[in-house]
Amino acid sequence: MVKRTRIKDLLQSADFDKTVIVKGWVKTFRNNQFIAINDGSSIHNIQAVVDFNATEESLLKRVTTGAAVAIKGRLVESMGKGQRVEIKVDQLEILGDSDAEKFPLQPKKHSLEFLREIAHLRFRTNTFNAVFKVRHALAYAIHQFFNDRGFVYLHTPIITASDAEGAGEMFRVSTIDFDHIPRNADGGVNYKEDFFGKATNLTVSGQLEGELAAMAFGDVYTFGPTFRAENSNTTRHLAEFWMIEPEMAFYDLEDNMDLAEELLRYVIRYAIQNCPDELEFLKDRLLEEEKQKPQSERAELDLLAKLNFCLENDFERLTYTEAISILKNSKPNQKKQFKYLIDDWGADLQSEHERYLVEKHFKKPVILTNYPADIKAFYMRQNEPDELGRKTVRAMDILFPGIGEIIGGSQREERLGLLEQRMDDMDISKEELSWYLDTRRFGSAPHAGFGLGFERLVLFVTGMTNIRDVIPFPRTPKNAEF
RNA sequence: UCCUGAGUAGCUCAGCCGGUUAGAGCAUCUGACUGUUAAUCAGAGGGUCGCUGGUUCGAGCCCAGCCUCAGGAGCCA
């Protein structure tokens with residue numbers, strides 16, 4: 001009895017004249033005799049050669065793009081030029097027909113926009129085969145990285161009652177019947193009637209829970225879905241995305257940056273080593289795409305060169321204050337080419353400024369630290385005011401070319417009094433976050449952590465340009481198909 | 001949410017100054033060929049021009065509103 005062999009293994013095999021079985025989907029059927037078959041194990045197809053004189057014509061007619069087939073035959077050296085091995089077909093079976101007039105994927109180029117509309121079928125294209133293989137490799141590498149370093153993988157809740165995280169608009173979770181909303185005496189919604197007896201939402205971050213666990217395990221990380229109900233329509237935002245959030249006791253900001261940089265290098269290296277065919281394909285795809293653009297807008301490095309560059313060069317670390325001074329003296333600022341001109345310390349950096357620093361000035365990933373306290377979250381550790389009395393916090397953002405912010409993190413404020421003061425200033429309820437403050441009440445310790453946007457990482461490594469193309473089923477405003 | 005652009009055949013697009021029966025390439029189908037590599041050659045079928053309303057003798061084209069998509073901005077990861 002012959003068992004099915006994966007195409008990936010057959011393509012490397014030299015077991016000529018051996019009888020094999022392949023099962024997969026037809027990519028093209030050329031010349032009435034050459035079937036290109038893909039089974040997902042490799043980005044490459046295997047060619048099966050049919051003797052059309054000895055095969056029922058009605059059967060050959062069913063060999064259409066997208067059809068699932070099972071083929072039994074002999075592995076032989078190919079007589080043609082395009083491939084090393086191929087299969088001489090002895091038996092051809094159609095497992096599942098695919099009406100060529102209706103199947104949307106044709107043996108031709110499709111736009112990414114069109115493929116997004118048929119996300120249930122786009123897995124079958126080379127591009128998405130490669131993208132989601134790389135996505136898998138990156139996810140695996142992340143777990144391996146943390147596991148090797150003794151981190152505990154922590155599952156933080158997806159449904160949360162706290163809305164004080166301040167990370168963005170939240171999706172409400174409720175079983176209330178919208179046609180019969182229970183009301184309070186004052187006319188508001190009576191959430192006591194709701195499933196959890198209080199208002200609940202989908203999480204925007206597992207960080208606060210992560211901190212609780214870090215105060216026991218030392219080093220933990222989360223890796224799960226996160227939800228933001230922002231009406232963001234960009235190539236970098238999703239309403240549902242995956243985030244990695246490590247949290248480490250006894251780490252300061254330097255340790256935090258070191259870990260983040262090490263993590264990024266580790267997973268990029270893992271992808272290069274484990275997805276060579278996929279990255280090669282994606283590199284070529286990107287070169288092809290960039291041909292549409294004027295020379296001046298094309299990337300200086302191809303995809304693989306860019307990834308290797310990240311492995312070989314330290315990220316540029318500088319403070320917000322230093323960044324402001326670079327930007328202030330930059331050409332686009334002096335020539336008033338920025339939409340938002342830099343004149344004073346304290347303003348948040350716009351994406352045009354971040355892009356200038358990363359893509360024009362340093363030409364490498366940049367870590368910005370010590371942002372003004374006013375523009376950052378309440379839990380970030382406060383620095384001593386500088387000589388000018390300016391208040392900063394120990395925040396760090398890692399900025400990548402083409403992506404912008406890929407990581408945001410900080411050393412956390414472990415001093416109870418200062419933390420409470422800041423919550424009061426920012427009007428954040430201490431009662432609601434009393435459980436969080438307990439970490440500072442009982443054995444508080446310096447600690448730090450960061451959040452890595454998984455899809456942004458996949459964007460960077462695959463060279464794709466729209467975040468909707470690196471998650472299988474993107475959720476964005478006005479779109480929750482499939 | 002704001003700014004800009006787009007929506008015409010299954011896909012990618014063209015369609016002149018508003019004028020008769022709406023075009024191409026690819027895909028599909030039919031036939032030919034048979035060691036092809038997005039095969040090739042010949043032929044055929046395929047359209048609610050995003051939706052609604054308006055202007056006009058006449059609208060794919062002009063105007064208004066809406067919907068959707070894309071790029072950029074904001075927000076962020």
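Student: Which backbone nitrogen lies 3.0 Å from a polar atom of the side chain of D39?

Tutor: A polar contact is a pair of N or O atoms within 3.5 Å; within protein, one must be able to donate a hydrogen and the other to accept it, and residues adjacent in sequence count only if both atoms are side-chain atoms. Here the backbone nitrogen is that of I7, 3.0 Å from a polar atom of the D39 side chain. The side chains of D39 and S41 are also joined, by a polar contact of 2.6 Å. This is a predicted model, in which local features need pLDDT of at least 70 and side-chain atom pairs count only at pLDDT 80 or more, while totals for chains, interfaces and linings use all residues. Residues are numbered from 1 along each chain as its sequence is written, chains are lettered from A and ligands numbered from 1 in the order in which they are written, and side-chain values use heavy atoms, with hydrogens and water left out.

Student: Where does D39 lie, and what does D39 touch beyond four places away in sequence?

Tutor: Helices (H or I, at least four residues) and strands (E, at least two) are DSSP runs, numbered from the N terminus. D39 is in the loop that runs between strand 2 (34-38) and strand 3 (46-49). Contact means heavy atoms within 4.5 Å. Not counting residues up to four places away in sequence, D39 touches R4, T5, R6, I7, K23, G24 and W25.

Student: Does D39 count as buried or exposed?

Tutor: Buried means under 20% relative accessible area, exposed over 50%, and partly exposed in between (1.4 Å probe, protein chains only). D39 counts as buried because its relative accessibility is 12%. E414 sits in the loop between strand 15 (404-411) and helix 12 (416-425). Leaving aside neighbours within four places in sequence, E414 is in contact with R381, R440, S444, A445 and P446.

Student: Which elements give two or more residues to the lining of the second largest pocket?

Tutor: Rolling a probe the size of a water molecule over the atoms shows where empty space is left. On a 1 Å grid over the protein atoms alone, a pocket is an open set of points where a 1.4 Å probe fits, with protein on both sides within 12 Å along at least five of seven lines; lining residues have an atom within 4 Å of a point. The second largest pocket has 41 lining residues, and K27, T125, N126, T127 and F281 lie nearest its centre. Two or more lining residues come from each of strand 1 (19-30), strand 2, strand 3, helix 3 (112-117), helix 4 (126-148) and helix 7 (276-290). Helix 4 gives the most to this lining, with 6 residues.

Student: In what order do the 8 strands of the open sheet stand?

Tutor: Strands of a sheet pair through backbone hydrogen bonds, either parallel or antiparallel. Two strands pair if DSSP finds at least two bridges between them. In this sheet the order is 6-10-11-16-15-14-13-12, with mixed pairing. Strand 6 (152-153) and strand 12 (316-319) are the edge strands, each pairing on one side only. Strand 12 runs parallel to strand 13 (residues 366-372), joined by 4 bridges. The bridge partner of R317 in strand 13 is I367.

Student: How many bridges join strand 11 to strand 16?

Tutor: There are 5, and strand 11 and strand 16 (residues 447-453) run antiparallel. One of the bridge pairs is E247 with G449 in strand 16. Strand 10 (residues 219-227) is also antiparallel to strand 11, through 9 bridges. Y221 stands opposite P246 in strand 11. Of the 10 residues of strand 11 (residues 240-249), 8 are buried.

Student: Why is helix 14 described as largely enclosed by the rest of the structure?

Tutor: Helix 14 (residues 454-462) is largely enclosed because 9 of its 9 residues are buried. Just after helix 14, G463 takes a positive phi of about 75°.

Student: Which residue has a positive phi although it is not a glycine?

Tutor: F250 is one of them, with a phi of about 65°. F250 lies in the loop between strand 11 and helix 6 (253-274), and counts as exposed at 62% relative accessibility. D427 has a positive phi of about 65° and is not a glycine either. D427 lies in the loop between helix 12 and helix 13 (434-441), and counts as exposed at 74% relative accessibility.
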